[in-house]
Amino acid sequence: DEITKGGYPHYMLKEIMEQPDSIFNSMRGRLLYEEGISKLGGLQGYEDRIVRSQRIIISACGTSWHAGLVGEYMLEEYAGIPVEVEYASEFRYRHPIIRPEDTVIFISQSGETADTLASLKEAKKKGALCLGVCNVVGSSIARESNAGVYIHAGPEIGVASTKAFTSQLVVLSLITLLLARKKNLSLIEGQNIIREMQSLPEKVKKILESNDQIEKIADEYMSCRNFLYLGRGYNFPVALEGALKLKEISYIHAEGYPAAEMKHGPIALIDENMPVVFIATKDAVYDKVISNIEEVKARKGRILAIVNEDDDYIEKLVDHVIRVPKTINMLQPILSVIPLQLLAYHVAVKRGLNVDQPRNLAKSVTVE
Ligand code: G6P
């Protein structure tokens, strides 16, 4: 056990720390810089059909569903194909309209989640092209799909998914790049995405150097009973994922919300006891997020913000900041989620909980 944990006290920490490598492994051999495109062997022969899809549907559960939400933003922005993201458990029972011109992507770390597998069988029956994005090679979802892309994150043992999430995002970026270039993204723009992808492992290493700082911040928040996580745009799914990590392993109630929706309800919860985690990297909605931060501050909420390295404005407004390097908006979630994984980890450890095997949860949910 100690050996497989590689010297770390928990699998979860080991898996968080492995991300420079797991992210690299997800893209290794798959980026063609000269052509500004990705090469995905598992999709060979299906590319044109995917490009011609009327619609892409993404079906998944849990953390994989959050990855799907980021995928929706990427694919719509760059590939110009309408995307819908579905909870597999809802999708399969609500008489979904699935057409042969649709492509359905099933995202699953384990490749065994019962609801995701059942939704795959349903979509296949209706003639859609079914693609699997799985980690476990030879798993049921990988086998049942028409084609797919492995994320190659390596075995993930901790129940709370960490490195699989960032690798799912890498693979969704590769799929986006492929489709976008086959549609109308220019060579220069494709090459820009590739350069940004290639710089991710180094940037992740830098974030991981903040581990001690995040552990100290966890001290200040470990006794809180509730948390709100807020983000907009590409960072909205990151807010959901950050809140899920905290719930799963520290048993603290946490809600993720699109920052602007706060005024339609959650703002009523804010007082000096309510910590709010903002994911506030510099993107198209940055100024709007600043306004949301000010609204929370005016109500005396405690704020922890995930900001870009060169941001010297937000730290004046909030209680704590954790810095992450800048990348293009589409890839920013791969970086901004990492401090939230570490925060959840340290809070849970400080509360004396079983981080790798939280109560009531299973790594792979094979019941419906
Ligand atoms: C369980 C796990 C989660 C995971 C979800 C979906 O709830 O605890 O970490 O995100 O299942 O699993 P999958 O293997 O399909 O990605």
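In what follows, Ala, Val, Leu, Ile, Met, Phe, Trp, Tyr, Cys and Pro count as nonpolar, Asp, Glu, Lys and Arg as charged, and the others, Gly among them, as polar. With that in hand, welcome to this structure, which is a predicted model.

Let us start with the chain as a whole. Its secondary structure comes to 15 helices and 12 strands. The C-alpha atoms fill a box of roughly 55 × 45 × 40 Å along the principal axes. A compact globule of 368 residues would have a radius of gyration near 21 Å, and the chain has 20 Å, so the two agree. Of those 368 residues, 54% count as buried.

Next, find the ligand. There are 16 residues around the ligand, and G62, T63, S108, S110 and T113 come nearest. Sorted by the classes above, this shell has five nonpolar, 10 polar and one charged residues. Helix α4, which covers residues 62-79, gives the largest share of the shell, three residues.

Is α15 mostly covered or uncovered? Mostly covered: 18 of the 19 residues in α15 are buried. After α15 comes G352, and the phi of G352 is positive, near 75 degrees.

Definitions and conventions: Residues numbered from 1 in each chain as written. Predicted model: local features only at pLDDT ≥ 70, side-chain atom pairs only at ≥ 80, totals over all residues. Buried ≥ 20, exposed ≤ 12 C-beta atoms within 10 Å, placed from the backbone. Helix = DSSP H or I, 4+ residues; strand = E, 2+ residues; numbered from the N terminus. Near = placed C-beta within 6 Å. Rg over C-alpha atoms; globule rule 2.2 N^0.38 Å.
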